[in-house]
Amino acid sequence: MINSNVQEAINQQIKNELYSAYLYLAMSAHFEATNLPGFAHWFRLQSNEEVEHAMKLFDYLNDRGGRVELYAIDKPPNSWASNLAAFEQALQHEQKVTGLIYKLYETALNENDYATQVMLQWFIDEQVEEEKNATQIVEQLKLIEERGTAVLFLDKQLGKRSGEE
Ligand code: FEO
């Protein structure tokens, strides 16, 4: 039987992951409405990933004989002042989620719940990836503002170099 503090913390994190899905779905709708279907596609897949994260926790709690409790999800914003503003919010949100995952890990640590600590390793690794991806897009959008798109085009060309050359 899972410890009640750990159970409560996992239930809170299920809600947090579903809020992430909601936030990115709102961003996807925003980009659909502003005629950037590629941006919309990226956020839609991001939203789907967040549902998967929530379901990983949902399944884990059930596997441990715990009781899932679904909490209310806040309404996300509906529009953003610029493309950069949306990605900056996505990055800030991921940094916040990283902190929430660490708090959850600390709860598992304090309760000597080793199985939950092992399960959360996946989330800790995932957050490194999530922050890296969001940071890269934020920085590239800033580059476009400062130096135009040519530098990104050149970067793409350079990235194609094979080990033979
Ligand atoms: Fe569920 Fe974007 O981390």
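Biologist: How many helices and how many strands does the protein chain have?

Modeller: The secondary structure of the protein chain comes to 5 helices and 0 strands. This is a predicted model. Read along the sequence, the pattern is α-α-α-α-α. The C-alpha atoms fill a box of roughly 55 × 45 × 20 Å along the principal axes.

Biologist: What makes helix 1 and helix 2 roughly antiparallel?

Modeller: Helix 1 covers residues 4–33 and helix 2 covers residues 37–63. They pack at an angle of about 165°, with their axes 8 Å apart. Angles over 145 degrees count as roughly antiparallel, so helix 1 is roughly antiparallel to helix 2. Helix 1 passes helix 2 in a left-handed crossing.

Biologist: Which classes of residue make up the contact of helix 1 with helix 2?

Modeller: That contact has 18 nonpolar, 8 polar and 4 charged residues.

Biologist: Why are helix 2 and helix 3 called roughly parallel?

Modeller: Helix 2 and helix 3 pack at an angle of about 15°. The cut-off for roughly parallel is an angle under 35 degrees, and therefore helix 2 and helix 3 are roughly parallel to each other. Their axes are 13 Å apart, and their crossing is left-handed.

Biologist: Which residues make the contact between helix 2 and helix 3?

Modeller: Helix 2 contributes F39, W42, F43, Q46 and E50. From helix 3 come N83, F87, A90 and E94. By class, the residues of this contact divide into 5 nonpolar, 2 polar and 2 charged.

Biologist: How do you know that helix 3 and helix 4 are roughly antiparallel?

Modeller: The angle between helix 3 and helix 4 is about 160°, and their axes lie 9 Å apart. Roughly antiparallel requires an angle over 145 degrees, so helix 3 and helix 4 are roughly antiparallel to each other. Helix 3 passes helix 4 in a left-handed crossing. The contact of helix 3 with helix 4 has 17 nonpolar, 8 polar and 6 charged residues.

Biologist: How much space lies in the largest pocket, and what lines the pocket?

Modeller: About 180 Å³ of space lies in the largest pocket. Its lining residues are K15, N16, Y19, S20, A72, I73, D74, H93, K96, V97 and L100. The elements that give two or more residues to this lining are helix 1 and helix 3 (83–110).

Biologist: How do the residues that line the largest pocket divide by class?

Modeller: The lining of the largest pocket has 5 nonpolar, 3 polar and 3 charged residues. Y19 is one of the lining residues, and Tyr counts as nonpolar. K15 also lines the largest pocket, and Lys counts as charged.

Technical notes
Residues are numbered from 1 along each chain as its sequence is written. This is a predicted model: local features need pLDDT of at least 70, side-chain atom pairs count only at pLDDT 80 or more; totals for chains, interfaces and linings use all residues. Side-chain values use heavy atoms; hydrogens and water are left out. Axes are lines fitted to C-alpha atoms, for helices over the stretch in contact, and angles run from 0 to 180 degrees between N-to-C directions. Helices (H or I, at least four residues) and strands (E, at least two) are DSSP runs, numbered from the N terminus. Angles under 35 degrees count as roughly parallel, over 145 as roughly antiparallel, 65 to 115 as roughly perpendicular and the rest as oblique. A crossing is left-handed if the near helix is turned anticlockwise from the far one by less than a right angle, and right-handed if clockwise. On a 1 Å grid over the protein atoms alone, a cavity is a set of points where a 1.4 Å probe fits but cannot get out, and a pocket is an open set with protein on both sides within 12 Å along at least five of seven lines; lining residues have an atom within 4 Å of a point. Grid points are joined across faces, edges and corners, and a volume is the space filled by probe spheres set on the points. Contact means heavy atoms within 4.5 Å.
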